[in-house]
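Please read it alongside the coordinates.

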Amino acid sequence: MTTLLTGTPLAGRVVVVSGASSGMGAATAERLAALGAKVAVLARRKDKLDDVVKNIETAGGTALALPVDVTDRDAVHAAAQQIASRLGTPDLVFNNAGVQLISGIEELKVDEWQRQIDLNITGLMNVIAAFLPHLTAAAADGKPADLINTSSIAATRILEKFSIYSGTKAYISHLTRLLRVELGPKMVRVATIEPGMVDTELPNHVTDPDASTLMANLIHDIDCLQSADIAETIAFMAAVPRHVNLTEITIMPTAQAI
């Protein structure tokens, strides 16, 4: 993707990216660092996080890797305190960790249901709880403050076998709208990004043959979004003036019809 932003419009900002070990999270962390932000990356896979940090530091940026499972509330809170002490008060949180497991409801894959609820909902809420005090403090100091949650077009599309995943993403999208009611007056910008098909490793987690075929065909047949497209969009959302809140952005491959 051709970059839209130039210079260092995010200089002075402290960014937290969850789900940062690969895909959209890794690309966004690297892009925000290139635009001047100090970036903390959170995920379970330390080796992958170390690669992201190495890329950022090689390019002249500042980054901190914190291996953490966002479903562990205490671990997320501990990470938040470590970030604040080492990088400064976080003022941009890209709440991006998630998993996609597709199956027919009658298959009763209850372990997969629970895993999606634990990560996509509970993990997201743990990140909000840990970093919201930092965001409100930054806003009170007159700085930009952003909470950007990753949802999906699945939040609004009615797709067979996507019931649990779509339900978790619908929760995220509507939660974001509700949080704006409370946090907007405090000058904390709250937003969600709802991507269509992105060429990441997320579809690799899908075990249902029909859903796997659908996604493989989309990747093969159309020019899918790339992680860099999401990264540039997040960067733009964060770089606009403080009084501007791009609240809900649906980003689709042009050729994707569903």
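**Notes on the model**

1. Serine 18 counts as buried, at 2% relative accessibility; buried means under 20% relative accessible area, exposed over 50%, and partly exposed in between, with a 1.4 Å probe and protein chains only. This serine is found in strand S1, residues 14-18. Helices (H or I, at least four residues) and strands (E, at least two) are DSSP runs, numbered from the N terminus. Leaving aside neighbours within four places in sequence, serine 18 is in contact with Leu42, Val70, Phe94, Asn95, Asn96 and Ala97, where contact means heavy atoms within 4.5 Å.

2. On provenance, this is a predicted model in which local features need pLDDT of at least 70 and side-chain atom pairs count only at pLDDT 80 or more, while totals for chains, interfaces and linings use all residues. Residues are numbered from 1 along each chain as its sequence is written, and side-chain values use heavy atoms, with hydrogens and water left out.

3. Helix H1 has 12 residues and reaches 17 Å from its first C-alpha to its last, close to the 16 Å expected at 1.5 Å a residue. The expected span is 1.5 Å times one less than the number of residues in the helix. The buried residues of H1 are Met24, Gly25, Ala26, Thr28, Ala29, Arg31, Leu32 and Ala33. Just after H1, glycine 36 takes a positive phi of about 110 degrees.

4. How do H1 and H7 cross? The axes of H1 (residues 23-34) and H7 (residues 227-239) come within 8 Å and cross at roughly 50 degrees. Axes here are lines fitted to C-alpha atoms, for helices over the stretch in contact, and angles run from 0 to 180 degrees between N-to-C directions. H1 is therefore oblique to H7; angles under 35 degrees count as roughly parallel, over 145 as roughly antiparallel, 65 to 115 as roughly perpendicular and the rest as oblique. The crossing is right-handed, a label used if the near helix is turned clockwise from the far one by less than a right angle, with left-handed for anticlockwise. From H1 the contact takes in Gly23, Met24, Ala27, Thr28, Arg31 and Leu32, and from H7 Ser227, Ala228, Ile230, Ala231, Glu232, Ile234 and Ala235. These residues divide into 8 nonpolar, 3 polar and 2 charged. In this scheme Ala, Val, Leu, Ile, Met, Phe, Trp, Tyr, Cys and Pro count as nonpolar, Asp, Glu, Lys and Arg as charged, and the others, Gly among them, as polar.

5. H1 also packs on H2 (residues 46-58): their axes come within 9 Å and cross at roughly 20 degrees. That makes H1 roughly parallel to H2. The H1–H2 crossing is right-handed. Ala26, Ala29, Glu30 and Ala33 of H1 make the contact with Val52, Asn55 and Ile56 of H2. By class, the residues involved are 5 nonpolar, 1 polar and 1 charged.

6. Helix H5 (residues 163-183) has 21 residues, and its first and last C-alpha atoms are 30 Å apart, close to the 30 Å expected at 1.5 Å a residue. Its buried residues are Tyr165, Ser166, Thr168, Lys169, Ile172, Ser173, Leu175, Thr176, Leu179 and Leu183. What covers them includes helix H4 (110-140), strand S5 (146-150) and strand S6 (189-195).

7. H4 and H5 pack at an angle of about 20 degrees, with axes 9 Å apart, and are therefore roughly parallel to each other. H4 passes H5 in a right-handed crossing. Residues of H4 that meet H5 include Trp113, Ile121, Met125 and Thr136, and those of H5 that meet H4 include Ile164, Tyr171 and Leu183. The contact of H4 with H5 has 14 nonpolar, 4 polar and 1 charged residues.

8. Which loop residues deserve a line? Most residues other than glycine have a negative phi. Leucine 108, in the loop between strand S4 (92-95) and H4, has a positive phi near 55 degrees and is exposed, with a relative accessible area of 56%. Lysine 161, in the loop between S5 and H5, has a positive phi of about 75 degrees.

9. Glycine 60 lies in the loop between H2 and strand S3 (62-67) and counts as exposed at 65% relative accessibility. Its C-alpha atom is separated by 32 Å from that of glutamate 248, 188 residues apart along the chain.
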